[in-house]
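Here's a quick tour for anyone meeting this structure for the first time. Have a look at the sequence and the 3D view, then read on.

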Amino acid sequence: MSDVRFLITSDSAGQRLDVFLGAQDSCPSRSACAKLVETGAVCVNGDTCTSKKLVLAEGDRIEVEVPDPVEVGPVVGQAIPLDIRFEDDYLIVLSKQRGLVCHPAHGHDSGTLANALVYHCGLDHLGTLQGEDRPGIVHRLDRDTSGLMLAAKDDDTQRALQDLIRLRTLDRRYIALCHGYIAMDSGTINTGIARSTRDRVKMAVSDDPFARQAITTFQVLERFEAKRGDDGYTLVECHLYTGRTHQIRVHMRHINHALVGDPLYGIGSDRSNLGLTRQFLHSWRVRFDHPVTGESIELRDELPWDLAAAYEEIADRSMGRTSSGEDIIPQLLME
């Protein structure tokens, strides 16, 4: 994925968004650009724009997430186990295991969630708005982030679910274990996020005018005492109002409470990371109204074994659970 940016001059003012993008050498064809707009990959003045017909004005700031070209044919089905929690004729909610990449990319041309979805549903029974190499994918979780995510079986459902995300009516909650003691019981982090200028693999909090707005709220569930070799820990539930790349990981590091085990944004030693080799981050709850049937769907997912084991390692250092923790933690641990 690469970020392409444009500042609209007087020469380009008055053009439609898709027409302007399609004429740029750094962007794909006009039809491909229209699809990028539809899938939320284009921001205008820091806000996601899903109207390809938007008329541009002088001074507008355009940012496009252009997928890296992946030279693969149609995604082939592979018999990869799927932990499906809900399925009907329109969509799937599944619990993604750690280590599973969502779709083909450089270095991962097979063995992805997309391959598993094709095997389960068939290529002709998955939405393709995100591209032919991303059948069914509505939103992504990082390779080593586990938990609940959605897939769509047709373009209309895929578009509707992406609209729910864009309109912030698809409620996504994550559990994270952070380094250090977070004194406040709740908080909101509202910043711009852009690709790091120092390391293109990383994202970073940024006040660059092209940065995308990112909003994360959190509430503390439980705090753990510090001991020699670490600064203690805080277990939090994070609520995403936007879905930027690495958003929770970047935001918690920004407030000096990096996620335990995070190989990209983390801190500390193997010991202070409780033996984890991946970030302690789990998508534990989703809630939304079904875009076709109108049914209210809410699903929850307990912690996988490795995160539960890390929690148990520090359980005897607990300084007590908050009222939110008393409600949520037993659901995570099946107490």
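Which residues does Gln 279 touch, not counting residues up to four places away in sequence? They are Asp 142, Asp 144, Thr 145, Arg 249, Leu 259, Val 260, Gly 261, Asp 262, Pro 263 and Leu 307, where contact means heavy atoms within 4.5 Å.

Before going further: this is a predicted model, so local features need pLDDT of at least 70, side-chain atom pairs count only at pLDDT 80 or more, and totals for chains, interfaces and linings use all residues. Residues are numbered from 1 along each chain as its sequence is written, and side-chain values use heavy atoms, with hydrogens and water left out.

**Around Gln 279**
- Gln 279 sits in the loop between α5 (247-254) and β13 (281-289); helices (H or I, at least four residues) and strands (E, at least two) are DSSP runs, numbered from the N terminus.
- Gln 279 is buried, with a relative accessible area of 1% (buried means under 20%, exposed over 50%, partly exposed in between, using a 1.4 Å probe and protein chains only).
- Its side chain makes a polar contact with the side chain of Thr 145, at 3.0 Å. A polar contact is a pair of N or O atoms within 3.5 Å; within protein, one must be able to donate a hydrogen and the other to accept it, and residues adjacent in sequence count only if both atoms are side-chain atoms.

**The nonpolar cores**
- The largest nonpolar core has 29 residues, and Leu 113, Leu 117, Val 236, Ile 248 and Met 252 have the most contacts inside it. Such a core is a set of buried Ala, Val, Leu, Ile, Met, Phe, Trp, Tyr and Cys residues joined through side-chain atoms within 4.5 Å.
- Elements giving two or more residues to this core include α3 (113-121), β12 (233-240) and α5, and α3 gives the most, with five residues.
- A second, separate core of 21 residues includes Leu 177, Leu 235, Phe 280 and Tyr 311.

**Helix α5**
- Six of the eight residues of α5 are buried, so this helix is largely enclosed by the rest of the structure.
- The buried ones are Gln 247, Ile 248, Arg 249, Val 250, His 251 and Met 252, and their cover includes β8, β9, β10, β11, β12 and β13.
- Just after α5, Asn 256 takes a positive phi of about 65°.

**Helix α4**
- In α4, the buried residues are Thr 157, Gln 158, Leu 161, Gln 162, Leu 164 and Ile 165.
- They cover an arc of only 150° around the axis, which puts them on the same side of α4; the arc is that of the directions from the helix axis to the C-beta atoms.
- Asp 154 caps the N-terminal end of α4, with a side-chain oxygen 3.1 Å from the backbone nitrogen of Asp 156.

**Strand β9**
- Seven of the 10 residues of β9 (residues 186-195) are buried, so this strand is largely enclosed too.
- β9 runs antiparallel to β11, with eight bridges joining them; two strands pair if DSSP finds at least two bridges between them.
- Thr 191 has Ala 214 as its bridge partner in β11.
- Three bridges join β9 to β10 (residues 203-205), again antiparallel.

**Gly 59**
- Gly 59 lies in the loop between β3 (47-48) and β4 (61-66) and is partly exposed, with a relative accessible area of 38%.
- The C-alpha atoms of Gly 59 and Leu 333 are separated by 52 Å.
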